[in-house]
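Visitor: Hello! I am new to this structure and would like to learn how to read it. Could you show it to me and take my questions one by one?

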Amino acid sequence: MDYKKAGVDIEAGYKSVELMKKHVQGTMRPEVLTNIGGFSGAFSAEAFKNMEKPTLVSGTDGVGTKLKLAFLLDKHDTIGIDCVAMCVNDIACAGGEPLFFLDYIACGKNDPEKIATIVSGVAEGCKQSGAALIGGETAEMPGFYPIDEYDLAGFAVGVVDEKDLITGKELKENDVLIGIASSGVHSNGFSLVRKVFSMTEEALNTYYDSLEKTLGEALIEPTKIYVKALRSIKETGVTIRACSHITGGGFYENVPRMLSEGMHAVIEKNSYKVPAIFEMLAKDGDIKEDIMYNTFNMGIGMVVAVSPEDVDKTIDGIEAAGEKAFKIGYVKNGEKGVTLC
């Protein structure tokens, strides 16, 4: 008896690391001091020593049951983007610049080519956010995960000068809410998605004119990474007074998180067109509107609050980063919370 007969192939682990190195290398920043494959990742703080009060911000998350869709479609090259997005978007929400990322993959059987494909998506997400992929872990766990399945999670660290933290404390009545478009369902609500739509090869490969793609393609579309868009707003000279990443819990849970006490957000639902995938979900699943807005992003992945005089510059900054933006509401004095009308 040996470890391989027990289900863990150490040689496959070595091969996975070799195959992923080319993807990881493309994410490197000058501050990275270590090579992939070591026991830890080292990142120099030299680059931000001139900040008045350099402040670390961090985020950790996974992809959730969207992974089930990746298994069904046998498509593993974009799910890593989702993992990075879920972490770095939260960091960007605080005004932070993502510095580095670490991933964790647990699988039933280490298929080196599949692991390298997953990591290629993680590396792409890191490139989109400007973060270095400085380490990770691939754990082969036979008997715990099915042979052809895996879990994926990540952890990111960023930095911001304390004076530039986005906290919501500067919110004022009549501040305007700008929504940045999502790419689709992103990485939340898939337990409900999988109940509404038939998760068969035939159903997922069915083309819909309203989606302009197959159902599977629409659902697997990776989560938008908003780091560049938020940085672009800052570069216009606009101060973002509050920011919310619309993830699990939709508008009702996430918008209040950006508000200070005594501030109430009003979202105008007709201020932008809700993407077709959400209309399909609501119709096919007979899901009430309030449940939709309490579960999904409904086409808006990030919300920022700015002063009324900064609205045009904010939208210009977002569009300069290649994203779509909409004026979707405003802030007023009142009980902390959100109203959708």
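Predicted model: local features only at pLDDT ≥ 70, side-chain atom pairs only at ≥ 80, totals over all residues.

Visitor: Which helix does Gly 125 lie in, and what is Gly 125 in contact with beyond its neighbours within four places in sequence?

Guide: Gly 125 belongs to helix α4. Leaving those sequence neighbours aside, Gly 125 is in contact with Ile 81, Val 84 and Ile 225. Met 199 is another matter: 74 residues along the chain from Gly 125, its C-alpha atom is separated from that of Gly 125 by 26 Å.

Visitor: What unit does helix α4 make with β2 and β3?

Guide: Together, β2, helix α4 (residues 112-129) and β3 make a β-α-β unit, and this one is right-handed. The two strands, β2 (residues 97-107) and β3 (residues 132-140), run parallel and are joined by eight bridges. To find one spot on them, look for Cys 107, which stands opposite Glu 140 in β3.

Visitor: Which residues does the annotation "domain: PurM-like N-terminal" cover?

Guide: According to an unreviewed UniProt entry, that annotation covers residues 54-160. Over this stretch the chain is 38% helix and 37% strand, with the end C-alpha atoms 6 Å apart. The entry also has "domain: PurM-like C-terminal", covering residues 172-337. There the figures are 34% helix and 22% strand, and the end C-alpha atoms are 15 Å apart.

Visitor: Now for side chains. How many salt bridges does a search of the whole structure find?

Guide: First, the general idea: side chains of opposite charge can pair when their charged atoms come close. In this structure the search finds 16 salt bridges. One of them joins Lys 68 and Glu 149, with the closest N and O atoms 3.5 Å apart. Lys 68 lies in helix α2 (residues 66-73) and Glu 149 in the loop between β3 and β4 (150-161), so this pair ties together parts 81 residues apart in sequence. Lys 68 is partly exposed at 34% relative accessible area, and Glu 149 is partly exposed at 21%.

Visitor: What is the N to O distance in the salt bridge of Asp 77 and Lys 75?

Guide: For that pair it is 2.9 Å. Asp 77 is partly exposed, with 34% relative accessibility, and Lys 75 is partly exposed too, with 30%.

Visitor: Why is the pair of Tyr 272 and Phe 326 called tilted?

Guide: Their planes meet at 35°, with the centres 5.8 Å apart, so the pair is tilted. It links distant parts of the chain, 54 residues apart: Tyr 272 is in the loop between β9 (263-267) and α10 (276-285), and Phe 326 is in strand β11 (residues 325-333). Tyr 272 is buried at 7% relative accessibility, whereas Phe 326 is partly exposed at 24%.

How values were computed: Residues numbered from 1 in each chain as written. Heavy atoms only, no water. Pairing = 2+ DSSP bridges. Right-handed = clockwise from strand over helix to strand, strands pointing away. UniProt positions renumbered as here; feature names shortened; annotations may be inferred. Contact = heavy atoms within 4.5 Å. Phe/Tyr/Trp six-rings, centres within 6.5 Å; stacked < 30°, edge-to-face > 60°. Buried < 20%, exposed > 50% of the residue type's maximum accessible area, 1.4 Å probe, protein only. Salt bridge = Lys/Arg side-chain N within 4 Å of Asp/Glu carboxyl O.
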